[in-house]
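Look at the structure first, then read on.

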Amino acid sequence: MKDYLVADPWQVIEEDFNPHVQRISESVFSLGNGRFGQRGNFEETYSGDSLKGNYFAGIYYPDKTRVGWWKIGYPEYFAKVLNAVEWSRVDIRIGATTLDLHKQQPSSFRRVLDMRNGLLQRSFSVEIEGHAFDITCERFCSMDNKDLGVLRIILDSATYSGPIEINSFINWDVLNEDANWDEQFWIPRDAEAGDDYARAMAETKKTAFVVASAMTWEVAGAHQVSSRAEHRELYSTNVITLSMEAGKAVTFTKYAGHQSTLYQEESRLFDGALTVARNAREQGYATLREAHAQAWHAWWDDADITIDGDVKAQQGIRFNIFHLLQTYTGDDPRLNIGPKGFTGEKYGGSTYWDTEAYCVPFYLGSFEPAIARQLLVYRYRHLDKAIENAQKLGFTDGAALYPMVTMNGEECHNEWEITFEEIHRNGAIAYAIYDYIRYTGDDAYLLEGGLEVLIAIARFWAQRVNWSVPRSKYVILGVTGPNEYENNVDNNWYTNYLARWCMQYATEMIAHARTLDAAATEAVLEKTTFSPSETERWQEICDDLFLPEDPHNHIILQQANYLEKEQLTVDDIPEDQRPINQNWSWDRILRSCFIKQADVLQGLFMFEERFDRATVLRNFRFYEPRTVHESSLSPCVHSILAAHLGLEDKAYEMYLRTARLDLEDVNNDTDDGLHITSMAGTWMAIVKGFGGVSVIDHQLHLNPLLPQAWQGIGFHLRFRDNQLHCQITRDTVRINNTSGPEIALIVTGRPVTVRAGEHCVVPFVESSISSS
Ligand code: BGC
């Protein structure tokens, strides 16, 4: 745990320079606009430890797989979003000295992430050549113009008069730290520079994406400004020389435009990028900054959450929402949400089950349905590849296995116990369709792709089971559940339960689709060569699918033999041996009973309305003490269930852990990037956990629990045609029907109706959640 960032409701603040945690800070202070993003690297030279990172969504390279022992079925490539152009670098020389905070100790330092306005700011004082300098930097990736990045640096000294050299460059000569074969992934295409601009264009190897970046600039407060243009392969620059006068601040502004073949014809990129930069300069820094801030305000208007009385909790939730929106804004069905977003290389920027299980609810609950729908369409577009993927593993007849990790639909993951066995991901993809339909009411999506996906997934499960003679049950053998600290287990309850649900849901949705449009449904069934005998078979399997339970303790079993393990709790692990994945051998972890992330509890969370409270409580009491939460995806699920069970302290503890995971480096791994996908879990912890929001039989329910530390929480909620604002205080729940028709809902167990544009106030009966 690190505690060096200052709590503030709208800002993340670092007060002193902490070079020993520079990589963590670079992750925390990352910027992005859904189209491109970057780590919080300094603008100027920094020769200390740093992970440089700039990324363009959807621009990837299939890096040839490197494994110790090859297994048939492994993918040949791991597609990764590439480290791309350094556009925000500006090397500064003052006299004969290069500004470099690794070499010059700043006497004061402050770095701020302004989340309301989407700005990264830094100010510091440093002595160079015997003169004190105050330097401030500000930059943003424009939310208003997704092709634009802008930065401003102000240099001020009361005593220094003399030359300053600013090297403002565009650099494609960058490497990925995680390259499998130490390869340079970019091929030079063109580079050129003039008096007031520089531009360079590069192409990815194999995938042949071409991206052009260009910059132009302006200087105020200096005289004798001259510039020298230089370029070479993958790099172009303006070296600007100016004369600074003591007591007069110099302001340097850099405007960088980007264009790629993802959105533009190749022939237009080189000029297009420069046009973006030049137009930006014409509009000017203040105008661009204002437009960017306004765009952010519009996102916040839909998605902000307030927590009264607890600044750390407030900062945590805004930090999470901010980074989610920097990563994904739902305007392109080819894009998705990598577990680290644009904040690091780990996980390759590729798509995991995290998207469906964690992120879809955030986008569904906050914004118009079109945004979450893009994430569904992303998987629909990959359906053929998922069918091919299943075929490679021996499945037939249109069965689909979606990849564990993917960029373009092809599997990238290459550890057999996950690639081939962590198949529960298929269930999350079906569940997202269910979630989408119940939140939006848009069941027409079934006939626009949803049903095809559901059928293909159900087919997979029907082929993945086998009949066990000793058990007289269908079983699913050799899987890895969400708890990756157990591999190759038989009958993981979560997987089996989800498999059964997928087959049942697909059957129901075929019937439901017929009621919507019989002819269109027949067309889908024909396209998928569906036969009615398939649903009969699914039913037969569902009737007899083994779900392991312990008859003595009346708990669900994570997998059939779980109780044979030595039963310890997390309290038995000495503090200095945690996290166990950084201290124990893999063998020891696998043999232990310790659980990496919610597994049985993940299932109880997803299907909670099907279980009575006593069952959820018994299982929570059993599994929570055995869970080490070494996946960032875990604490939010525990927080939500604890809130529903009235276990306030646990819910609060788990909330803080998820919300401040990266702000405090809880899992000791924020240096390689933020846990973007689990940030959506933090949103769920507030809305579904403390807000107690659920949808039962097409109706919205709110059953809040307000932690003692908080005076109130407020959140927006999209449900069907309504946008609501919910404010929960100690005494009341207030629901504002901000847009949409009259809505009937259940608040703390009472039916209420809120007319369009009006609000209702319901007394908050905390006892409606019995605490145990
Ligand atoms: C988790 C997986 C998750 C992946 C990416 C792993 O540590 O165990 O469930 O999909 O990280 O976030």
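## Buried rings

A residue counts as buried when its relative accessible area is under 20%. The model here is predicted. Phe 169 has 4% relative accessibility, so Phe 169 is buried. Tyr 235 is buried too, at 9%.

## Aromatic pairs

A pair of aromatic rings is described by the distance of the centres and the angle of the planes. The whole structure holds 55 aromatic pairs. One of them joins Phe 169 and Tyr 235. Their centres are 5.3 Å apart, with 35° between the planes, and the pair is tilted. This pair links distant parts of the chain. Phe 169 sits in strand β14 and Tyr 235 in strand β19, 66 residues apart.

Tyr 655 and Phe 690 also pair. Their planes meet at 70°, so this pair is edge-to-face; the centres are 6.0 Å apart. Tyr 655 belongs to helix α18 and Phe 690 to helix α19, 35 residues apart. Tyr 655 is buried, at 0% relative accessibility. Phe 690 is buried at 0% as well.

## A cluster and two charges

Ring pairs also build a cluster, with Tyr 431, Trp 493 and Phe 611 among its members. Elsewhere, charges sit over rings. Arg 35 lies over the face of Tyr 263, 3.9 Å from the ring centre. Arg 122 lies over the face of Phe 42, at 4.0 Å.

## Two helices in contact

Helices α11 and α12 pack at about 140°, their axes 6 Å apart. That angle makes α11 oblique to α12. Ile 510 and Arg 514 of α11 are among the contact residues, as are Thr 521 and Leu 525 of α12. By class, the contact has 5 nonpolar, 1 polar and 2 charged residues.

Technical notes. Residues are numbered from 1 along each chain as its sequence is written. This is a predicted model: local features need pLDDT of at least 70, side-chain atom pairs count only at pLDDT 80 or more; totals for chains, interfaces and linings use all residues. Side-chain values use heavy atoms; hydrogens and water are left out. Axes are lines fitted to C-alpha atoms, for helices over the stretch in contact, and angles run from 0 to 180 degrees between N-to-C directions. Helices (H or I, at least four residues) and strands (E, at least two) are DSSP runs, numbered from the N terminus. Angles under 35 degrees count as roughly parallel, over 145 as roughly antiparallel, 65 to 115 as roughly perpendicular and the rest as oblique. Contact means heavy atoms within 4.5 Å. Ala, Val, Leu, Ile, Met, Phe, Trp, Tyr, Cys and Pro count as nonpolar, Asp, Glu, Lys and Arg as charged, and the others, Gly among them, as polar. Rings of Phe, Tyr and Trp (its six-membered ring) pair if their centres lie within 6.5 Å; planes under 30 degrees apart count as stacked, over 60 as edge-to-face and the rest as tilted. Buried means under 20% relative accessible area, exposed over 50%, partly exposed in between (1.4 Å probe, protein chains only). A charge sits over a ring if NZ of Lys or CZ of Arg is within 6 Å of the ring centre and within 35 degrees of the ring normal.
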